[in-house]
There are 4 protein chains.
Amino acid sequence: MSSVAGLKQSVLQANLDIVRDKLVVATFGNASGIDRNNNHIVIKPSGVSFETMKSEDMVTVHIDGSLIDHHLRPSSDLDTHLVLYRAFDDIGGVIHTHSTYATIFAQAQVPIPCFGTTHADYFRGEIPVTRSLRSEELGERYVTATGEAIVETFSNSDPLEIPAVLVAGHGPFVWGRTPKEAALNALILEECARMAWHTMQLNPQVAPISSMYRDRHFLRKHGAHATYGQ
Amino acid sequence: MSSVAGLKQSVLQANLDIVRDKLVVATFGNASGIDRNNNHIVIKPSGVSFETMKSEDMVTVHIDGSLIDHHLRPSSDLDTHLVLYRAFDDIGGVIHTHSTYATIFAQAQVPIPCFGTTHADYFRGEIPVTRSLRSEELGERYVTATGEAIVETFSNSDPLEIPAVLVAGHGPFVWGRTPKEAALNALILEECARMAWHTMQLNPQVAPISSMYRDRHFLRKHGAHATYGQ
Amino acid sequence: MSSVAGLKQSVLQANLDIVRDKLVVATFGNASGIDRNNNHIVIKPSGVSFETMKSEDMVTVHIDGSLIDHHLRPSSDLDTHLVLYRAFDDIGGVIHTHSTYATIFAQAQVPIPCFGTTHADYFRGEIPVTRSLRSEELGERYVTATGEAIVETFSNSDPLEIPAVLVAGHGPFVWGRTPKEAALNALILEECARMAWHTMQLNPQVAPISSMYRDRHFLRKHGAHATYGQ
Amino acid sequence: MSSVAGLKQSVLQANLDIVRDKLVVATFGNASGIDRNNNHIVIKPSGVSFETMKSEDMVTVHIDGSLIDHHLRPSSDLDTHLVLYRAFDDIGGVIHTHSTYATIFAQAQVPIPCFGTTHADYFRGEIPVTRSLRSEELGERYVTATGEAIVETFSNSDPLEIPAVLVAGHGPFVWGRTPKEAALNALILEECARMAWHTMQLNPQVAPISSMYRDRHFLRKHGAHATYGQ
């Protein structure tokens with residue numbers, strides 16, 4: 001992804017993907033992507049309907065937060081995206097949705113256990129929940145603080161092995177090497193959340209699958225020894 | 001919204017919105033709007049299918065209940081709408097549906113707690129349930145009494161801060177500054193009800209989000225200090 | 001409905017209605033109607049896909065079970081329909097589906113309580129479950145015995161006040177004054193079952209609405225004092 | 001099914017059926033078929049989107065696993081399909097999906113009881129869950145070992161009487177006399193799983209239907225005395 005035009009197109013497409021996949025209720029959703037060569041981030045504009053949104057409506061900002069190219073305001077969640085791009089070096093796209101089941105786990109403040117291979121093919125373990133924000137984080141810096149709470153949650157884990165998080169009382173943030181991969185991860189997350197919810201109701205005692213079984217699936221798709229490309 | 005024709009169009013659109021958003025089962029749904037300048041209310045006619053309904057089929061009545069302009073009978077829920085417009089000065093549109101999850105809470109007589117920011121962006125706290133109607137309210141004045149029970153429920157709260165209610169054993173009434181806003185609120189209410197239901201099953205001990213977190217979201221969209229328009 | 005051609009058309013339409021309303025999984029569904037003047041019953045043929053079914057494929061049989069006009073075999077559930085038409089004088093259409101939530105109550109052998117006005121507008125009280133069939137009823141006369149168990153369930157109630165039943169371990173049979181009304185009742189039944197299921201999980205202690213509230217709704221649509229036509 | 005071209009077409013169609021029936025999330029699904037005359041198996045290729053897949057993209061392999069005709073790699077689940085065709089002589093098609101409710105039972109490691117006639121029309125008893133795979137089965141031979149665990153589960157039952165299984169922590173494999181029948185069984189399985197899940201929540205004490213009631217349904221569609229063709 002070398003040109004800004006290409007990045008705008010792929011960010012637009014990721015925004016359309018999450019609508020097509022029914023991960024967006026009303027306007028609760030946004031996607032972004034980054035060009036790591038010059039630290040330019042492209043993100044969905046605020047207050048534009050998904051139906052009429054065009055590639056050229058995407059907003060370009062520097063990773064330091066300064067506006068570069070825009071005729072519309074960036075998504076109000078921009079500052080969370082910025083924190084994630086700064087902290088997680090290898091990610092190339094970020095998605096935020098309020099998709100139903102992922103948001104249910106975020107609201108219930110329950111991590112999503114890895115109950116099966118659907119989950120293990122994309123996430124190497126449970127999807128964590130952030131701590132709740134402290135009162136002093138709910139002021140001006142709220143959107144940034146949300147990103148910081150996410151980064152804190154990953155202090156001991158690799159964000160490309162668990163490319164999603166549940167913000168307590170809010171909803172999921174999901175990422176990937178590209179905006180397209182982030183959108184796919186957001187779709188898989190929602191389905192894994194739906195199945196985990198029902199699995200827990202059906203058998204409250206069930207344990208996650210073994211780490212060996214999980215890695216049998218995760219590692220054939222990811223990492224140095226992946227046996228098939230994504 | 002100055003002309004009756006414009007109001008009829010926006011009421012028709014709100015009626016179509018709730019069908020598009022799958023909030024209406026069979027014919028259980030109706031939308032209305034008010035022109036506060038002359039206290040004219042426009043409401044869906046009774047017994048006309050949503051598919052063939054036209055702007056000119058909308059019925060106009062005075063806020064005192066007298067018919068002004070109609071070739072069809074008004075919705076059988078008219079009297080509830082009238083009570084709401086009389087009691088809640090700032091509302092401009094009212095919606096009634098039997099949308100699935102909101103109706104489930106109404107039937108279970110359980111308020112919908114504010115478990116997350118999806119809810120807090122539109123409703124400043126839990127969605128209340130009315131008291132049950134008394135036997136003597138189930139006669140001729142039944143539809144009016146339904147409205148009165150709603151108004152009673154809001155004796156200590158601002159209807160524009162909580163623009164929805166669950167009528168016990170019946171279903172939701174939702175409102176807003178315009179018919180369009182009421183229809184959007186009805187959609188968000190249904191999604192919040194769906195997520196709250198599943199949140200409570202997943203974690204029966206979970207508490208609502210803090211009032212500070214809730215207001216961080218509600219107040220950036222509503223009130224004097226809103227940072228972005230609706 | 002005087003001509004057989006008209007009845008065939010309305011039975012075809014009822015069969016298409018239940019597919020459109022997603023009440024039919026695979027081929028689990030059939031609709032019939034009766035011309036009471038000559039006791040001719042028209043029913044869906046067996047083994048024809050809903051997509052390609054035509055009005056002239058409908059099978060005509062006498063209420064005594066003898067075939068009158070057919071180039072295809074009648075639905076394998078015919079004998080149940082016959083028993084219902086013989087026992088319930090005022091019904092004009094019968095529908096059988098395996099619609100998801102109604103079938104869930106049938107499988108769980110739990111009646112569907114009247115928890116709200118959606119239910120009360122169409123059904124004057126809970127939807128009953130039949131007794132289980134006895135071993136000796138599972139032989140040759142099985143399909144007829146199913147009908148007899150339904151009729152037994154209504155020995156003390158009016159089938160037009162409760163126009164639906166859940167056959168234990170099987171699924172719903174629904175009826176009405178016409179095939180079209182039966183199809184609408186089947187749709188409302190499914191939605192009431194869905195809402196009742198979720199209502200019971202949310203509040204296991206909740207009681208049905210009062211008989212007075214229930215009748216306030218049922219009787220404005222049905223019976224001698226109905227205030228609006230169907 | 002005499003020609004490879006015909007088999008490729010019917011395998012393609014089965015792959016499209018499971019997408020149409022919403023049994024496939026992302027790319028989690030594949031169908032195959034066998035020509036028993038020469039032991040040729042046709043299976044979905046790996047890494048091709050369902051939208052653009054053509055009949056000629058299907059991969060042909062011998063039942064011993066050797067590639068016969070392909071310009072694409074076979075599905076990564078091929079080895080499981082091979083084990084099933086070798087062990088179950090009468091099956092002609094195999095389907096694997098991660099369909100939501102069947103996968104939920106697989107994850108919860110709970111068999112799907114036969115609670116009703118929808119289930120009994122297609123499956124003569126509960127749908128079993130395989131044992132968990134042992135650590136030594138999670139290496140190179142993992143995909144084959146999955147098939148072996150399935151075959152082990154059927155050591156005392158007839159795979160054409162129970163044409164489906166839940167692989168623990170993974171999802172369903174389903175089969176039939178043809179790819180088309182396997183795809184239909186996969187759809188019925190998903191609906192039976194959905195209804196069983198809700199039945200168990202509604203009435204945790206409910207028992208499966210009697211074997212006599214079950215066989216009344218299963219045997220009229222299957223076996224020597226079937227009274228109507230499939």
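## A loop residue with positive phi

A:Ala26 is found in the loop of chain A between α1 (4-20) and β1 (29-35). Helices (H or I, at least four residues) and strands (E, at least two) are DSSP runs, numbered from the N terminus. Although A:Ala26 is not a glycine, its phi is positive, about 50°. At 29% relative accessibility, A:Ala26 counts as partly exposed; buried means under 20% relative accessible area, exposed over 50%, and partly exposed in between (1.4 Å probe, protein chains only).

C:Gln109 also has a positive phi, of about 60°, and is not a glycine. C:Gln109 sits in the loop between α3 (100-108) and α4 (117-120) of chain C. Its relative accessibility is 39%, so C:Gln109 counts as partly exposed.

## Basis of the values

This is a predicted model, in which local features need pLDDT of at least 70 and side-chain atom pairs count only at pLDDT 80 or more, while totals for chains, interfaces and linings use all residues. Residues are numbered from 1 along each chain as its sequence is written, chains are lettered from A and ligands numbered from 1 in the order in which they are written, and side-chain values use heavy atoms, with hydrogens and water left out.

## How the copies are arranged

Chain A is superposed on chain B by a rotation of 90° with 0.0 Å of shift along its axis, at an RMSD of 0.0 Å. The two copies are thus related as by a four-fold rotation axis. The superposition is by least squares on the C-alpha atoms of residues with pLDDT of at least 70 in both copies. Of the residues of chain A, A:Gln201 comes closest to the rotation axis, with its C-alpha at 5.8 Å.

Only 7% of the interface residues of chain A are also interface residues in chain B, so the copies meet through different surfaces. Contact here means heavy atoms within 4.5 Å.

## Aromatic pairs

Over all chains, the structure holds 28 aromatic pairs. The rings of A:Tyr142 and B:Tyr213 have their centres 6.0 Å apart and their planes at 70°, so the pair is edge-to-face. Rings of Phe, Tyr and Trp (its six-membered ring) pair if their centres lie within 6.5 Å; planes under 30 degrees apart count as stacked, over 60 as edge-to-face and the rest as tilted. This pair crosses between chains, from helix α5 (residues 142-153) of chain A to helix α7 (residues 211-221) of chain B. A:Tyr142 and B:Tyr213 are buried.

Ring pairs also link A:Tyr101, A:Trp197, B:Tyr101, B:Trp197, C:Tyr101, C:Trp197, D:Tyr101 and D:Trp197 into a cluster.

## A covered helix in chain D

Helix α2 (residues 78-87) of chain D is mostly covered, with 7 of its 10 residues buried. Among them are D:His81, D:Leu82 and D:Tyr85. The elements that cover the buried residues of α2(D) include β1 (29-35), β5 (93-97) and α5 (142-153) of chain D.
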